[in-house]
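Biologist: I would like to get to know a new structure with you. Could you show it to me, and then let me ask where the words for it come from?

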Amino acid sequence: FNNPSSLFCTGPGTDMHMSGFVTHGADCVILLFEEWKLDSAIKFAFGTIGVFALGILTECLTWLRRTYIGLLGGIGRGLHRHPRLHRGLMASVFTTQVALGYLLMLAAMTYQAELFIAVILGLGCGHLVFNVQQPVGESTDACCVEATGPQQLANAKATAEITSESFAPEPFAPKSWATTSSRSVAHEGHDVKGDTVKTLYLDVSPITCSKCIVRAERALSSVPGAFDIHVALNGLAQVSYQGVRAEPFLAQLVGALQSDGLTALQSSNPLPSP
């Protein structure tokens, strides 16, 4: 018979210590799956290191979505002519991140002190490495971390109002980064006599109601240099600008929309005439 004092832990195993946080030596902890019973020092060490690595990976996926898969990232820019494929890839990576976040939550809810510390340190180290220089968000939920764009999260309340309705508009084939119009316009606060005014057309989603239109126009108007802004109920948006380069300006527009919980792809389709 084994001497209980020589055992790493005791009992048949539990996935949650019901009496609060404990350290090793108490009841054996089961990590996520019944087969993953951490009943030895080696198993416990691998489990703790694995949870720590999972926290880093979760933060890494936020960086990956923002830097390489987002509309202006390397992969995203390459897929801007295939919006459905791009959206599918973004959704797949986000779903993976959500799944990892909930696994971390379950690991923390075992109330095993070492695993809880590994979760916190993993997320903290991952944030330090990948996301510490990004705008400060209002959520610390590891399950649903937002890949914030160039602008800060200025309106979390408006973002929460966005519904999860199914929205799958027909994609528009985007062309170059900007569509140029040589017309001269006069707009309040913009003296553009003789100047060339450029216009960007975007496909914004989800736009399902008049409140969404107001939200999108408000976000776009926050970008310096943007004027003559119109958003239609079908998601098409028109933004005029001058005196700035097209590519950085587009990045700011997309970032402003993302800050309000909206997404955008460039479109070559202008708004229909009233």
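Modeller: Gladly; what follows is a conversation about a predicted model.

Biologist: Which residues of α1 and α3 meet?

Modeller: On the α1 side they include Val 51, Leu 54, Leu 61 and Ile 69. On the α3 side, Leu 89, Val 93, Phe 94 and Leu 104 are among them. The contact divides into 13 nonpolar residues, seven polar and one charged.

Biologist: I also want to hear about the nonpolar cores. Which residues touch the most other members of the largest one?

Modeller: That core has 25 residues, and Leu 202, Val 204, Leu 220, Phe 249, Leu 253 and Leu 257 touch the most other members. Two or more residues each come from β5 (198-205), α6 (210-221), β6 (226-231), β7 (236-241) and α7 (246-259). Helix α7 gives the largest share, seven residues. There is also a second, separate core of 17 residues, which includes Val 29, Leu 61, Ile 69 and Ala 108.

Biologist: What does Leu 202 touch, not counting residues up to four places away in sequence?

Modeller: Its partners include Leu 220, Leu 236, Leu 250, Leu 253, Leu 257 and Leu 265. Gly 235, Ala 237, Gln 266 and Ser 267 are also among the residues that Leu 202 touches.

Biologist: And Phe 249: how do you know whether to call this residue buried or exposed?

Modeller: Phe 249 has a relative accessibility of 2%. The limit for buried is under 20%, so Phe 249 counts as buried. Phe 249 is found in helix α7. Leaving aside neighbours within four places in sequence, its contacts include Leu 200, Val 223, Pro 224, Val 239 and Tyr 241. Phe 249 and Leu 200 are 49 residues apart in sequence, yet their C-alpha atoms are 9.4 Å apart in space.

Biologist: Ala 246 also has its place in helix α7. What makes Ala 246 count as buried?

Modeller: The relative accessibility of Ala 246 is 17%. With the limit at under 20%, Ala 246 therefore counts as buried. Ala 246 and Leu 200 are 46 residues apart in sequence and 8.4 Å apart in space, C-alpha to C-alpha.

Biologist: Let us turn to the loops. Why is Trp 36 called partly exposed?

Modeller: Trp 36 has 48% relative accessibility. Partly exposed is the range between under 20% for buried and over 50% for exposed, so Trp 36 counts as partly exposed. Trp 36 is found in the loop between β2 (27-30) and β3 (37-38). Beyond its neighbours within four places in sequence, Trp 36 is in contact with Val 29, Ile 30 and Leu 31. The C-alpha atoms of Trp 36 and Gly 47 are 8.5 Å apart, with the two residues eleven apart in sequence.

Biologist: What makes the backbone of Leu 32 and of Tyr 111 worth a look?

Modeller: Most residues other than glycine have a negative phi. Leu 32, in the loop between β2 and β3, has a positive phi near 70 degrees. Tyr 111, in the loop between α3 and α4 (113-130), has a positive phi of about 65 degrees. Leu 32 counts as partly exposed at 34% relative accessibility, and Tyr 111 is partly exposed with 32%.

Biologist: One last stop: what is the peptide bond from Ser 205 to Pro 206, cis or trans?

Modeller: That bond is cis, with omega near -5 degrees. Most peptide bonds are trans. Pro 206 has its place in the loop between β5 and α6.

Notes. Residues are numbered from 1 along each chain as its sequence is written. This is a predicted model: local features need pLDDT of at least 70, side-chain atom pairs count only at pLDDT 80 or more; totals for chains, interfaces and linings use all residues. Side-chain values use heavy atoms; hydrogens and water are left out. Contact means heavy atoms within 4.5 Å. Helices (H or I, at least four residues) and strands (E, at least two) are DSSP runs, numbered from the N terminus. Ala, Val, Leu, Ile, Met, Phe, Trp, Tyr, Cys and Pro count as nonpolar, Asp, Glu, Lys and Arg as charged, and the others, Gly among them, as polar. A nonpolar core is a set of buried Ala, Val, Leu, Ile, Met, Phe, Trp, Tyr and Cys residues joined through side-chain atoms within 4.5 Å. Buried means under 20% relative accessible area, exposed over 50%, partly exposed in between (1.4 Å probe, protein chains only).
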